[in-house]
Amino acid sequence: MTKDAHKLKFYELSLAEKRRQIAALAELDDTTLAALCGTDPLSAEQADHMVENAIGTYALPLGIAQNFCVNGRDVLVPMVIEEPSVIAGASFMARLAHAGGGFTATSNDPVMIGQLQLLEINDLAKARDRILSYKEELLHEAASIDPVLARLGGGPRDLQVRIISESPVGPFLVVHLLYDVRDAMGANAINTALETLAPRVAAISGGRVHLRILSNLADQRLAKAACTIPLEQLAFADYSAETVRDGIIAAWAFAAADPYRAATHNKGIMNGVDAVVLATGNDWRAIEAGAHAYAARSGRYTSLSTWGKDSAGNLTGTLEMPMAVGIVGGATRVHPGAQAGLKLMKVESAADLAKIIVSVGLAQNLAALRALATEGIQRGHMGLHARQIAIAAGAAPDQVNKLAEQLVAEGAIRVDRAAEILKEWSQHPNGNSD
Ligand code: MEV
């Protein structure tokens with residue numbers, strides 16, 4: 001089980017040992033482990049069935065975030081990301097949160113919104129009332145479209161009509177179909193339902209149905225995570241716990257008040273969110289679109305998270321955002337790594353996955369704010385960044401750490417300097433053994 005996962009220092013282990021420990025902790029069989037680690041990756045043939053003009057696949061680093069406890073369950077989280085510090089940051093903040101009981105996460109029913117745009121209607125209010133008077137019939141028709149989904153308890157939930165009174169082409173009507181897609185991301189289910197209903201809606205309204213497409217502003221399908229970081233967990237180096245806590249709250253206030261900062265603040269949240277979304281084969285563009293639209297729902301773009309303190313002085317955080325992820329269908333089904341990632345986390349529903357993702361987003365946000373409010377972001381970044389520079393300059397695996405250390409020590413973390421050092425080492429090989 002993953003019960004003691006937080007006690008392991010993964011960063012001290014070799015690649016092989018990390019894999020062995022992960023497999024043991026999460027009880028993964030060899031096939032699942034190989035899929036997870038990319039040693040048995042998505043094949044070019046599989047890719048050829050997924051997209052047009054495929055010529056191969058493209059790999060990214062996959063790491064495992066530790067210390068996450070979501071609703072009382074310890075979970076190892078796969079993250080796919082090219083940016084250094086993200087996985088370490090999430091794991092470290094999850095450890096601080098662990099001391100406060102971990103993350104408490106909730107999610108709404110997996111209800112997506114599909115939109116029909118209705119043009120060429122003279123009396124919009126009359127057409128709206130007419131459509132609404134056929135609501136039961138339309139919902140009934142929508143319910144018969146996907147019997148499998150219906151059997152699983154999904155299907156249409158509501159039908160709403162909105163009047164868009166001003167647009168570049170004049171006023172028009174929009175019908176929203178609210179559709180419970182259960183464990184799917186739901187794009188196919190809802191788009192099929194919309195296309196099926198469209199002719200009937202056109203006939204009822206007397207207008208012409210133009211677009212039939214889901215909305216990525218999935219504000220019916222929200223996930224929310226909360227955590228409490230015990231005050232004493234926040235002190236480090238010369239920073240008192242109160243200084244760190246108040247610094248984090250002030251940093252959040254900046255994002256709450258200013259869209260320029262909020263964009264970066266939310267990007268930090270998405271570092272964590274997208275990495276898990278990608279690792280599970282989900283559509284990260286949909287999640288990005290939903291997140292930023294939700295952040296602007298008041299008419300002013302703002303922070304997706306909140307930070308404050310409780311009556312005991314502990315730091316408290318919340319994150320709420322749309323989370324349209326699935327565990328069935330699409331790439332989640334086809335991609336062996338995505339399947340393995342879901343197994344690693346032992347998620348049994350899309351809602352379980354959503355709760356983990358939003359917890360990772362909150363942890364990632366905390367990692368960024370804690371660094372920014374204290375020593376700055378570069379200090380933590382530089383070591384890892386230097387390793388990337390070392391690799392980019394052509395360092396062999398046994399040279400990477402040494403070269404990175406030298407670059408940091410020189411304060412010159414640049415490819416040209418890395419290449420220069422490698423050249424010096426190749427000319428004086430005796431000075432270059434680890
Ligand atoms: C970098 O990828 C993310 C941060 O800029 C987020 C933030 O500023 O909150 C560090």
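1. The structure holds two cavities of 30 Å³ or more. A cavity here is a set of points on a 1 Å grid over the protein atoms alone, where a 1.4 Å probe fits but cannot get out; points are joined across faces, edges and corners, and a volume is the space filled by probe spheres set on them.

2. The model is predicted: local features need pLDDT of at least 70, side-chain atom pairs count only at pLDDT 80 or more, and totals for chains, interfaces and linings use all residues. Residues are numbered from 1 along each chain as its sequence is written, and side-chain values use heavy atoms, with hydrogens and water left out.

3. The largest cavity has a volume of about 60 Å³. Its lining (residues with an atom within 4 Å of a point) includes Ser 107, Asn 108, Pro 110, Arg 221 and Met 323.

4. The domain assignment (automatic or from a database) gives domain 1 (65-108 + 221-375), domain 2 (111-215) and domain 3 (380-432).

5. Domain 1 and domain 2 bury about 640 Å² between them, 56% of it on carbon and sulfur atoms. Buried area is the accessible area (1.4 Å probe) that two parts lose on being put together, summed over both. Arg 221, Ala 324 and Val 328 supply 61% of the area that domain 1 buries against domain 2, more than any other three residues. Arg 221 also lines the largest cavity.

Definitions and conventions. On a 1 Å grid over the protein atoms alone, a cavity is a set of points where a 1.4 Å probe fits but cannot get out, and a pocket is an open set with protein on both sides within 12 Å along at least five of seven lines; lining residues have an atom within 4 Å of a point.
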